[in-house]
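This note sets out several points for a student who is reading the structure for the first time. Please keep the sequence and the model in view while going through them.

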Amino acid sequence: MTAAHAADIAAIERATFAEPWSEKSIAALADDPKAIARVLVRDGKVAAYYSMYVVAGEGFVNNLAVAPDMRGRDVGSALMRDMMYAASLSGVTALTLEVRESNAVARALYEKFGFKSAGIRKNFYPDKENAVIYWLNI
Ligand SMILES: CC(C)(COP(=O)(O)OP(=O)(O)OC[C@H]1O[C@@H](n2cnc3c(N)ncnc32)[C@H](O)[C@@H]1OP(=O)(O)O)[C@@H](O)C(=O)NCCC(=O)NCCS
């Protein structure tokens, strides 16, 4: 991604998450040497994206989303494949993320790609929902 994609990503964040990342925080990912941030662009607009921070060979996934009108068409699965490829090219050997316990679609996606639940962070989100912690060795 480049900073030019930040406005599209921020729009998907606002349409999707209760605590969306700001356009400024998203744009900063483009120049952050610790970050891997990639987009899928369709007809000149961001259709999907993910980002992670890489620390000591581990990738901490920040966010991953598909534009609402593009969901259920294997785009999320394509993102996951790209994520594992890009991470392994950067020497990452394990990926981890947190997801809302009630987010059955995202949890099914992660489990489809081999992520294993490694526990719960109780009351993790501002509305007190629990987070499920996932890890994948790649
Ligand atoms: C989670 C998300 C990225 C999935 O993207 P997608 O393009 O819709 O996913 P795909 O079409 O590639 O489907 C991948 C898998 O997700 C699961 N899935 C997708 N749609 C689903 C649905 N409506 N119900 C249950 N599971 C579903 C299935 O396991 C599916 O695999 P399968 O087709 O082999 O059964 C997308 O729904 C999204 O952007 N959600 C909002 C953002 C979000 O929750 N991000 C994760 C935050 S941690």
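1. Does strand β5 (residues 116-121) lie largely in the open, or are its residues buried? Of the 6 residues of this strand, the number buried is 0, so β5 lies largely in the open. It should be kept in mind throughout that the model is predicted.

2. Strand β5 has a partner in the fold. Strands β5 and β6 run antiparallel and are joined by 5 bridges. As an example, G119 has I133 of β6 as its bridge partner.

3. The overall composition may be described next. The protein contains 4 helices and 6 strands. Along the sequence these elements follow the order α-α-β-β-β-α-β-α-β-β.

4. The dimensions of the model can be compared with a simple expectation. For 138 residues, a compact globule would have a radius of gyration near 14 Å, and the value for the protein, 14 Å, agrees with this. Along the principal axes, the C-alpha atoms fill a box of roughly 40 × 35 × 30 Å.

5. Two further figures concern the protein as a whole. Of its 138 residues, 28% count as buried. Among contacts between residues at least 6 apart in sequence, 50% join residues at least 24 apart.

6. The interior deserves a separate point. In soluble globular proteins, nonpolar side chains tend to be buried together. Here the largest nonpolar core has 33 residues, and those with the most contacts inside it are I9, V46, A48, Y49, Y50, L95 and Y134. At least two residues of this core come from each of α1 (6-16), α2 (23-29), β1 (35-42), β2 (45-55), β3, α3, β4 and β6 (131-137). Strand β2 provides the largest share, with 6 residues.

7. Leaving aside residues up to four places away in sequence, L95 touches G59, V61, A87, L136 and I138.

8. How many residues surround the ligand? There are 20, and the closest are R71, G76, S77, A106 and A108. The elements β3 (58-66), α3 (75-89), β4 (94-100) and α4 (104-112) each supply at least two residues of this shell. Helix α4 gives the most, with 6 residues.

Technical notes:
Residues numbered from 1 in each chain as written. Predicted model: local features only at pLDDT ≥ 70, side-chain atom pairs only at ≥ 80, totals over all residues. Near = placed C-beta within 6 Å. Rg over C-alpha atoms; globule rule 2.2 N^0.38 Å. Buried ≥ 20, exposed ≤ 12 C-beta atoms within 10 Å, placed from the backbone. Contact = placed C-beta atoms within 7 Å. Core = buried A, V, L, I, M, F, W, Y, C linked by C-beta atoms within 7 Å. Pairing = 2+ DSSP bridges.
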